[in-house]
Structures are given as C-alpha cells and as structure tokens.
Amino acid sequence: MTATAAEAPPPERPRPARRRGVELSLLVCAVLISVYGYAGVGMARSGAVPPDALAYGAGLGLLALLAHLAVRLRAPYADPLPLPIAVLLNGVGLVLIYRLDLETPADRAAPAQLIWSTLGVALFIAVVVLLRDHRVLRRYAYLSVATALVLMTVPILFPAVNGARIWIRAGGLSFQPGEFAKILLAVFFAAYLAANRHALAHTGRRIGPVQLPAGRVLGPVVAVWLISVAVLVLERDLGTSLLFFGLFVVMLYVATGRTGWIVVGLLLAGSGAFAAGTLEPHVRGRVESWIDPYASIAAGDGPSQLAQSMFSFASGGVLGSGLGAGRSILIGFAAKSDFILATAGEELGLAGLTALFLLYGLLVALGYRAGLDLRDPFGRLLAVGLAAILAVQVFVVAGGVTGLIPLTGMAMPFLAQGGSSVVTNWIIVALLIRLSDSAREPHPEPVESGVIAPAADPAGQQGRAGPQGPAAAEGAR
C-alpha cells in the first residue's frame with residue numbers, strides 16, 4: 001500500500017493567474033484619468049471642454065488596447081501593472097505638455113509628443129511580439145556595446161544645443177541617440193557580468209573592505225564604462241554619464257553581492273562630480289545656481305530657472321492650484337522638458353507629485369521583482385539594470401528640479417517632452433514585461449516513472465530534497 005501511494009502521481013501545481021482582465025481594467029482607468037485631466041485643462045483655461053477631448057481619449061485608448069492585446073497573446077503571465085502605469089504616466093505627460101502649449105501657441109509640442117508616443121507603443125508591441133525569449137539578447141552582447149558606443153559618439157560631430165552635444169539634427173527632426181544606448185549597455189553589462197559573476201565575486205585581491213576582481217575579468221567592462229563616460233563628458237551630458245555610472249555600479253553589486261562596490265561607486269561619483277564642477281564651465285554654472293538659486297535675483301537679473309521651479313512647488317502647496325491654473329511657464333525654454341515636474345508640483349500639488357513618485361517606485365519595484373523571480377543570471381541582471389535606469393533617472397531629474405542635486409538636463413520618463421526618451425522608456429517597459437512573463441510562466445517538471453525531478457532553485461541549483469520515488473520509500477522503511 002505504501003508503494004502504491006509512492007507511485008501515484010502527485011497533484012498538479014496550480015497555474016499562476018494570468019490577470020489580463022485586471023490589466024485591462026487598470027488601462028481603462030488610466031485612459032479615463034488622462035482624458036479627465038485633458039478636459040480639466042480646457043475647463044480651467046477657456047471654460048469649456050476641448051473639442052478634441054474625445055479624439056484624444058479614443059487615440060490613447062486605442063494605443064492602450066493594442067498594447068494590451070499584444071501582452072495578452074504573447075506574454076500572458078506577465079505582471080498586470082507595468083503597462084497601465086506606463087499608459088497613465090504617458091497620458092499625464094501629454095496633458096501637462098498640452099497645458100503648457102496653451103501658453104506658447106507658436107511652439108506646440110503636444111502633437112509631436114503624441115506621434116512619438118505612438119511610435120513608442122508600436123515598438124513596445126514589436127518587442128513583446130517578436131522577442132519570445134529574453135535570453136536571445138545575450139548572443140548580441142558585443143554587438144550591443146559596439147552600437148551603443150557609436151550612438152554616443154556621433155553627436156560630437158553636430159553643433160551643441162543648450163551647451164550639450166547630445167542631439168542629431170536633420171531638417172526639422174532631432175534625435176538623442178544616448179537614450180537608446182542605455183538599453184544596449186544594460187544588455188552588455190548583464191551578459192558579461194552573468195558570464196563572469198563567479199570570477200568577479202571570488203577571485204582577485206582584497207584592499208581593505210573591498211575585494212577587487214582580477215583585472216582580466218573586470219577590465220573589459222570597466223573599459224566600456226570609462227569610454228562611455230568619457231564620451232559623455234566631451235558632449236557635456238553629465239546627467240547621462242551619471243546614469244551610466246549608477247547603472248554600472250548597481251549591476252556590479254548585484255552580480256557580486258559585495259556592498260563595498262556601492263561605497264566605491266559613491267566615492268568615485270563624488271570625486272568625478274567635483275572635478276566636473278571645477279573644470280567644466282557649463283557644469284560649474286549649474287553647480288553655482290544650485291548652491292544659491294536666488295543669487296540672480298539679488299544681482300537684479302531676475303529669478304533663475306531653479307528659483308522659478310522652487311516658486312512653482314511652493315505655490316502648489318499640498319493639493320495644487322489645479323490643472324491649467326499655474327504659472328510654471330515662467331521657468332522658460334525647458335518648462336516642457338527638464339522642468340515639467342515643476343508644473344506637476346504646482347498644479348497637482350504635493351499629493352499629485354507623491355502619486356507620480358509612487359507610480360515610478362512601483363514600476364521600478366516590479367522590475368526588481370521580476371529579477372528576483374527569474375532563474376537565469378542574465379535575466380536577473382537585465383531586469384535589475386532596466387529598473388535601475390528608471391530609478392536613477394527619476395532621482396536625478398527630481399533631485400535637480402527640487403534643488404537636492406545640481407541640474408543635469410535629463411528628461412523625466414514618460415512625462416517630459418522628448419521623443420527619444422518616451423520611445424526608449426516604452427522599450428524598457430516592453431522588456432520588463434517580457435522578463436516578468438518569463439519569471440511567472442509555469443515551467444513543467446519532467447515526469448519519469450512517477451518520479452518528479454526536484455525543481456531548480458532561483459540560484460540555478462537543485463533543491464536539497466532527496467529522491468521521492470519507490471526506492472526512497474523502500475529505503476525509509
């Protein structure tokens with residue numbers, strides 16, 4: 001009787017819930033919130049709902065529906081939250097840009113941003129549909145890093161825009177290739193560190209609390225990072241160089257598990273920032289404005305951009321002045337891009353700003369969760385790297401416009417004006433959804449003569465439980 005019980009196949013494990021209905025419901029809410037904000041701006045500015053509010057809602061809803069269908073068909077086990085969060089952030093960003101366009105009718109940015117958002121959703125669908133297994137990206141690690149370096153180098157040949165050489169301009173179109181380079185570098189770092197994680201963690205020389213890996217192991221990835229940062233310094237794009245530095249340190253820490261790298265990273269970042277602020281006039285001006293944002297007022301030159309941003313946040317208070325009722329356009333030329341968070345702070349208040357930060361935090365946490373649930377080291381590192389890109393970028397932008405750190409000139413993900421930025425962020429969300437689907441998808445366990453092979457644990461090693469077949473039962477007796 002015992003042998004019969006041992007030979008009986010165990011009950012099947014419950015399949016993870018797909019929760020695509022939850023995703024669709026949240027998408028409807030995200031679209032309705034965006035349309036409500038669009039109508040609210042019209043009511044505040046002209047006393048009437050904009051005549052194209054229905055078309056705006058239909059367009060945003062169609063994009064959300066197409067993205068949902070792609071996820072439902074190709075990534076059914078993915079987490080249901082990343083796509084609605086991205087749609088809501090993108091929709092709120094379009095509303096804020098449209099609201100600022102009313103102050104500058106000769107320089108409208110919302111139509112172009114809507115086109116770029118459409119392109120971003122199209123690429124999101126392409127990634128979800130065509131990339132069936134994220135591990136395929138590992139084969140193209142060195143092609144990714146070569147392409148990334150080319151993308152970052154080309155803008156040096158073009159004229160500087162607002163002090164930085166980060167744009168490629170052709171006719172009326174502009175393109176910021178560094179935005180796409182960060183995804184390619186994340187793929188390379190994940191592939192290289194996954195292949196060499198044991199050597200990085202267990203070999204090398206210890207200096208104080210830090211164990212430095214062997215140079216032949218760490219050398220290539222450090223060389224790529226140094227070249228990336230050097231190019232960005234030449235382009236005066238220190239915000240993106242700080243982003244790449246943070247990405248490198250986070251992924252190196254995750255690959256090795258050694259906290260000493262965080263300390264080393266902070267020390268290097270601090271020394272690099274001090275050197276850049278001392279030697280580079282463009283950066284030194286931003287540091288001086290950060291130290292005393294009201295110095296221009298005392299000198300009789302009027303408030304600086306950072307001072308105007310502070311005034312906007314103070315004017316918004318807790319609940320905000322309401323959409324369309326603020327004056328953040330006084331910030332100047334970067335009100336729709338670098339400083340769009342000031343508009344959100346003034347018109348949505350501290351409550352609305354907190355809600356936006358919670359959405360970003362939840363999106364980052366979902367990326368980290370996917371990394372924890374994945375079994376392969378490359379997928380783990382890629383998920384953590386993509387989530388770290390969003391986290392560092394939000395911190396750098398929000399810290400700059402609130403006076404926590406000097407301004408960097410980066411764009412807030414999904415919210416700010418910038419076609420390259422919104423397209424890149426949609427690709428990041430698509431990759432996170434693919435990784436989440438791989439992490440949550442049920443993996444059938446091999447069945448042989450009534451024996452269930454022990455499942456691999458997250459570290460890729462088999463569980464400690466011994467065999468469960470009839471022989472084990474006989475031995476136990």
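**Overall architecture, core and selected residues of the predicted model**

Of the 477 residues in the chain, 46% are buried. The structure described here is a predicted model, and its secondary structure amounts to 18 helices and six strands. Among the contacts in the chain with a separation of 6 or more, 72% are accounted for by residues 24 or more positions apart.

In soluble globular proteins, nonpolar side chains tend to be buried together. In the present model, the largest nonpolar core holds 114 residues, and the members that touch the most other members are Leu83, Val87, Phe124, Phe189, Leu386, Leu415 and Trp426. Helix 16, spanning residues 377-401, contributes the largest share of this core, with 14 residues. When residues up to four places away in sequence are not counted, Leu386 touches Ala186, together with Ile428, Leu431, Leu432 and Leu435.

The packing of helix 7 (residues 178-195) with helix 17 (residues 419-440) was examined as a pair, and the axes of these two helices come within 8 Å and cross at roughly 20°. Because angles under 35 degrees count as roughly parallel, helix 7 and helix 17 are therefore roughly parallel to each other. On the side of helix 7, the contact involves Glu179, Phe180, Lys182 and Ile183, which meet Ser420, Ser421, Val423, Thr424, Asn425, Ile427, Ile428 and Leu431 in helix 17. Sorted by class, the residues in this contact are six nonpolar, four polar and two charged. Ile428 and Leu431, which take part in the contact with helix 7, are also among the residues touched by Leu386.

The loop between helix 16 and helix 17 contains Phe414. Most residues other than glycine have a negative phi, and most peptide bonds are trans. Phe414, by contrast, has a positive phi near 75° although this residue is not glycine. The relative accessibility of Phe414 is 1%, and Phe414 therefore counts as buried.

Ile125 is placed in helix 5, which covers residues 110-130, and with a relative accessibility of 22% Ile125 counts as partly exposed. Although Ile125 and Ala70 are 55 residues apart along the chain, their C-alpha atoms are separated by 5.9 Å. Once neighbours within four places in sequence are left aside, Ile125 is in contact with Leu66 and Ala67 as well as with Ala70.

Leu306 belongs to helix 14 (residues 305-316) and is buried, its relative accessible area being 3%. In space, Leu306 lies 9.5 Å from Arg286, C-alpha to C-alpha, while the two residues are 20 residues apart in sequence.

Along the chain Val283 and Pro406 are 123 residues apart, whereas the separation of their C-alpha atoms is 8.7 Å. Gly272, for its part, lies in helix 11 (residues 260-279) and counts as partly exposed at 35% relative accessibility. The C-alpha atoms of Gly272 and Leu242 are separated by 9.4 Å, these two residues being 30 residues apart along the chain.

Notes. Residues numbered from 1 in each chain as written. Predicted model: local features only at pLDDT ≥ 70, side-chain atom pairs only at ≥ 80, totals over all residues. Heavy atoms only, no water. Axes fitted to C-alpha atoms, helices over the stretch in contact; angles between N-to-C directions. Helix = DSSP H or I, 4+ residues; strand = E, 2+ residues; numbered from the N terminus. Parallel < 35°, antiparallel > 145°, perpendicular 65-115°, else oblique. Contact = heavy atoms within 4.5 Å. Nonpolar A, V, L, I, M, F, W, Y, C, P; charged D, E, K, R; others polar. Buried < 20%, exposed > 50% of the residue type's maximum accessible area, 1.4 Å probe, protein only. Core = buried A, V, L, I, M, F, W, Y, C linked by side-chain atoms within 4.5 Å.
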